[in-house]
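Reader: I'm new to this one. Could you walk me through how to read it?

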Amino acid sequence: MSLTSALSIAQSALLTTSKQTSIVSRNVADASNSDYARRTAVVTSTAPGARSVEIQRAANDLLFRQNLSALSAWSGQSALYSGMDQLELAVNGVDNASSPSTAIANLQQALQLYATTPSNQNLGASVIDAARDVVRSLNDGTQAIQDFRTQTDGQIATAVDDLNKLLSQFQDANKAVISGTRSGTDVSDALDQRDAILKKIAEYVPVSTFTRGDNDMVITTTDGTTLFETVPRSVTFTPSSGYTAGTPGNTISIDNVPLSAGSGGNTSAVGQLAGLITLRDGVAATMQSQLDETARGLITAFAETSSSQPDAAGLFTWSGAPGIPAAGTLVDGLAGSISVNAAMTPALLRDGGANGAAYVLNTSGSSYANLLIAYGDRLDQPMAFDAAAGITATSSVADYAANSIGWFEGVRQQASTTADAKEALATRTAEALSNDTGVNVDQEMSLLLDLEHTYQASARMMKTVDDMLDALMNAVG
C-alpha cells in the first residue's frame, strides 16, 4: 500500500467518523423530543478505502398506527368527560344543591307542613315560594344547558379551524418528503415533522393512512372519507349563534361527508370533534329532555280537576294553559317556560279554584287538607314519561327528577373510568413507540465512545503516515 493510499484511507475514516459522531450528537440532543425518531449512520464501502454514510430513520408503522388510534379514542373520551364536568356544575350546582330534584324535595316538605295546618296562610305562602324555587331550577337549568350547547358549538368551530390549518401544514411537510425522496436527499427531518402533524390531526378525527410512491402519504378517516390526498380536503362547519331546546346542531362535514358522532359514557365518538358533537347533541340534549319531562310531570301533578271541566294547569302553568300537556309526550323547551300560576294564592292552593268556581273542591272551611294531601300523593304516584328522554318511562315526578341525576352521574362515571383507560392506552402505545424508535441516551453515549476510539485510531494512522512522509522527504533532501 502506498503512503498516498494510506493517507486517503485515513482521511476517509476521519470524515466517516465525523459524520457518525454528528448523527449521534443529534440523537442525544433530541432525546427528549417525543416527535424525533432515532437516526442511524450506516457505513457502506464505495471503493477500496472509500466509504459513504447513509442516514436511516427508525420507524415502526404498526406501533405508530396503534398510537394514532389510541390518541383519537382518548381525545374523544376526554372531550366528553371534561364537558360533562362543566355541564353538571352549571345545571345542578355543587352537590346537586340547585338541581330540580332538590327543589322538588323542598316543595314536598313545604306541602306536607301546610297540609298539617291548612289554616296557616304563611305555610301556604312557603309552598308557593318553594314552587318558585322549582321553577327557577328548571328555567336556569334550561338556560345553562342551551348556553353550554352554544359554547360547545364555538369549541367545535375553533377545532375545525385548527384541523384545517393542520391539514395545510401537513401538505407542506408531505411536499418536502416527496421532493427529498425524489432528489435522494435525507428526508428524516421532514418525516418527523409530517408524523408530528399527523398525531395532532388524529386528536381531532380518527385517521387511517397509506403511503404511495415517493413517500407520498394519503389520509382518510377510519370510515373511509378522504381527508388528504395531494391537497387537503375541506372540513366545514357553521356554528349557531344560540340554541333552544329541541334545536339540532349543525353537522361537521369532511369533503362534504357528515362526521359521525358517538354515544354513551364509554363513547364510540373517536376524536375531539366527535366527542364535542356527542356532548352538544347527545348528553346535553338528553339532559334537557329530562328537565322538560320533569316540568310536564309537575304541571300534571298540580293540575286542578273538576267533575264537569277538563283538567287545567294549577300551581304550575305553561304556554298551553289552561290545559295541561299530553300524557307521556315530550314538549321541547317546557322546562324553560314553566312558571308559577300568577293567580295562585295559599287559599286557592288549599281549596282549588284558580281556574274558576268549577274547580273549587273545599266548601268546608280552612281546616280542609284533602287537596294538599292529594298534591303530595301525586308527586309520588307513577305517571308516564316519554322514553325518548333516556330514562324510565314510568315513574313518579320526584323519582324521575332523582333518576335524572342518577342517569347523568352514571354516564359521567363511565366516561371518567373509560377516559382513564383510554389515556393509559395512549400513554402505553406512545411509550412502546418511543422504546422502539426513540433515543436511548446510554446506548448513544456508548456508541459515541466507540466512535472516539475509531477517531483516535484514524488520527494515529494519519500521524504515522505524516511521520513516514517527513522521513522520506528528509532522506531525499
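**Reading helices, contacts and backbone angles**

Author: Let's start with helix H5, residues 188-204: its 17 residues reach 25 Å from the first C-alpha to the last, close to the 24 Å expected at 1.5 Å a residue. The expected span is 1.5 Å times one less than the number of residues. Helices (H or I, at least four residues) and strands (E, at least two) are DSSP runs, numbered from the N terminus. This is a predicted model, in which local features need pLDDT of at least 70 and side-chain atom pairs count only at pLDDT 80 or more, while totals for chains, interfaces and linings use all residues. Residues are numbered from 1 along each chain as its sequence is written, and side-chain values use heavy atoms, with hydrogens and water left out.

Reader: How many of the residues of H5 are buried?

Author: Buried means under 20% relative accessible area, exposed means over 50%, and partly exposed is in between (1.4 Å probe, protein chains only). In H5, 13 of the 17 residues are buried, so the helix is mostly covered.

Reader: And Gly271, is that buried or exposed?

Author: Gly271 is buried, because its relative accessible area is 0%. You'll find Gly271 in the loop between strand E9 (257-258) and helix H6 (272-301).

Reader: Which residues is Gly271 in contact with?

Author: Contact means heavy atoms within 4.5 Å. Leaving aside neighbours within four places in sequence, Gly271 touches Ser72, Ser75, Gly76, Glu203, Tyr204 and Val205.

Reader: How do I read two helices packed together, say H3 and H4?

Author: Under 35 degrees counts as roughly parallel, over 145 as roughly antiparallel, 65 to 115 as roughly perpendicular, and the rest as oblique. The axes of H3 (residues 100-116) and H4 (residues 121-183) come within 9 Å and cross at roughly 170 degrees, which means that H3 is roughly antiparallel to H4. Among the residues making the contact are Ala103, Leu107 and Leu111 of H3 and Val127, Ala130 and Val134 of H4. By class, the contact divides into 14 nonpolar, five polar and one charged. Here Ala, Val, Leu, Ile, Met, Phe, Trp, Tyr, Cys and Pro count as nonpolar, Asp, Glu, Lys and Arg as charged, and the others, Gly among them, as polar.

Reader: What about H6 and H9?

Author: H6 and H9 (residues 370-380) pack at about 150 degrees with axes 9 Å apart, so H6 is roughly antiparallel to H9. Leu298, Thr300 and Ala301 of H6 meet Tyr375, Arg378 and Leu379 of H9. That contact has four nonpolar, one polar and one charged residues.

Reader: Which residues does the cis peptide bond join?

Author: Ala321 and Pro322, with omega about 15 degrees. Pro322 lies in the loop between strand E10 (316-317) and helix H7 (334-337).

Definitions and conventions: Axes fitted to C-alpha atoms, helices over the stretch in contact; angles between N-to-C directions.
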